[in-house]
Amino acid sequence: MEKSKETVDVAKFIIAYYNNLGETISQLKLHKVLYYTQAWYLVNFDGEPIFTEEPEAWLNGPVYPSVYREFPSKKFAPLKVGSFADALKKPSTIFEEQKAAMNFTAREEKFMDAIFKKYGAMQDLLLVYTTHEEDPWINARKGLPPFSRSNEKITLESMRTYYKKRLES
């Protein structure tokens with residue numbers, strides 16, 4: 001990859017991906033799919049991030065503040081990408097436009113397809129519980145009461161290290 005992408009652009013690509021399949025994705029699930037995309041990208045692409053924004057360790061798992069602000073909806077509401085003018089476009093057209101704008105390599109596309117299928121198949125709350133069992137989120141929230149709000153960062157290095165160990169074990 002030439003240079004990292006913007007987090008919001010990757011989020012829009014993910015939304016378009018699911019909409020193209022006739023599926024919806026919620027704000028809650030979007031953040032977890034973004035998180036796992038980044039985590040496994042760091043492992044599979046020599047420690048290079050797909051985007052540079054670090055997630056925050058919120059109560060319901062990793063959240064990317066820029067994406068949260070871009071799609072200010074309720075946790076479980078289905079998200080769509082595009083402007084009002086795009087409402088008449090087919091989901092496949094919007095997906096192809098997003099895909100072209102991202103300029104992914106064939107390897108990156110294959111990688112993301114695998115990630116989106118694995119984590120997209122999981123229920124929203126299962127993704128929350130899964131992130132709560134993993135070291136990057138746990139360590140970022142160390143010392144906080146269980147139901148406390150947090151904007152502590154989950155570092156890219158903690159993600160890379162943790163998921164690399166998982167891959168090797």
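Where in the chain does threonine 131 sit? Threonine 131 has its place in helix H6 (residues 124-132), and we'll come back to it below. What you're looking at is a predicted model, where local features need pLDDT of at least 70, side-chain atom pairs count only at pLDDT 80 or more, and totals for chains, interfaces and linings use all residues. Residues are numbered from 1 along each chain as its sequence is written, and side-chain values use heavy atoms, with hydrogens and water left out.

**The overall layout**
- The chain has eight helices and two strands; helices (H or I, at least four residues) and strands (E, at least two) are DSSP runs numbered from the N terminus.
- Starting at the N terminus, the elements go α-α-β-β-α-α-α-α-α-α.
- Of the 169 residues in the chain, 47% are buried, where buried means under 20% relative accessible area, exposed over 50% and partly exposed in between (1.4 Å probe, protein chains only).
- Take the contacts (heavy atoms within 4.5 Å) between residues at least 6 apart in sequence: 78% of them join residues at least 24 apart.

**How H1 meets H2**
- Helix H1 (residues 7-20) and helix H2 (residues 27-44) have axes that come within 10 Å and cross at roughly 115°; axes are lines fitted to C-alpha atoms, for helices over the stretch in contact, and angles run from 0 to 180 degrees between N-to-C directions.
- That makes H1 roughly perpendicular to H2 (under 35 degrees counts as roughly parallel, over 145 as roughly antiparallel, 65 to 115 as roughly perpendicular and the rest as oblique).
- On the H1 side, the contact is made by Thr7, Val10, Ala11, Ile14, Ile15 and Tyr18, and on the H2 side by Leu30, Val33, Leu34 and Thr37.
- By class, this contact of H1 with H2 has eight nonpolar, two polar and no charged residues; Ala, Val, Leu, Ile, Met, Phe, Trp, Tyr, Cys and Pro count as nonpolar, Asp, Glu, Lys and Arg as charged, and the others, Gly among them, as polar.

**How H2 meets H8**
- The axes of H2 and H8 come within 8 Å and cross at roughly 70°, which makes H2 roughly perpendicular to H8.
- Among the residues that meet here are Tyr35, Gln38 and Ala39 in H2, and Leu156, Met159 and Tyr163 in H8.
- Sorted by class, the contact of H2 with H8 has 10 nonpolar, one polar and three charged residues.

**The nonpolar core**
- The largest nonpolar core has 46 residues, and those with the most contacts inside it are Ile14, Leu30, Leu34, Phe116, Met159 and Tyr163; such a core is a set of buried Ala, Val, Leu, Ile, Met, Phe, Trp, Tyr and Cys residues joined through side-chain atoms within 4.5 Å.
- Elements giving two or more residues to this core include H1, H2, helix H5 (106-120) and helix H8 (156-168).
- H2 provides the largest share of this core, 10 residues.

- Glutamine 38, found in helix H2, is buried, with a relative accessible area of 0%.
- Not counting residues up to four places away in sequence, glutamine 38 touches Pro49, Ile50, Phe51, Glu53, Tyr64, Leu156 and Met159.
- Methionine 159, leaving aside its neighbours within four places in sequence, is in contact with residues including Tyr35, Gln38, Tyr64 and Pro136.
- Threonine 131 counts as buried at 1% relative accessibility.
- The C-alpha atoms of threonine 131 and asparagine 60 are separated by 8.6 Å, with the two residues 71 apart along the chain.
- Setting aside residues up to four places away in sequence, threonine 131 touches Lys32, Tyr35, Tyr36, Gly61, Pro62 and Trp137.
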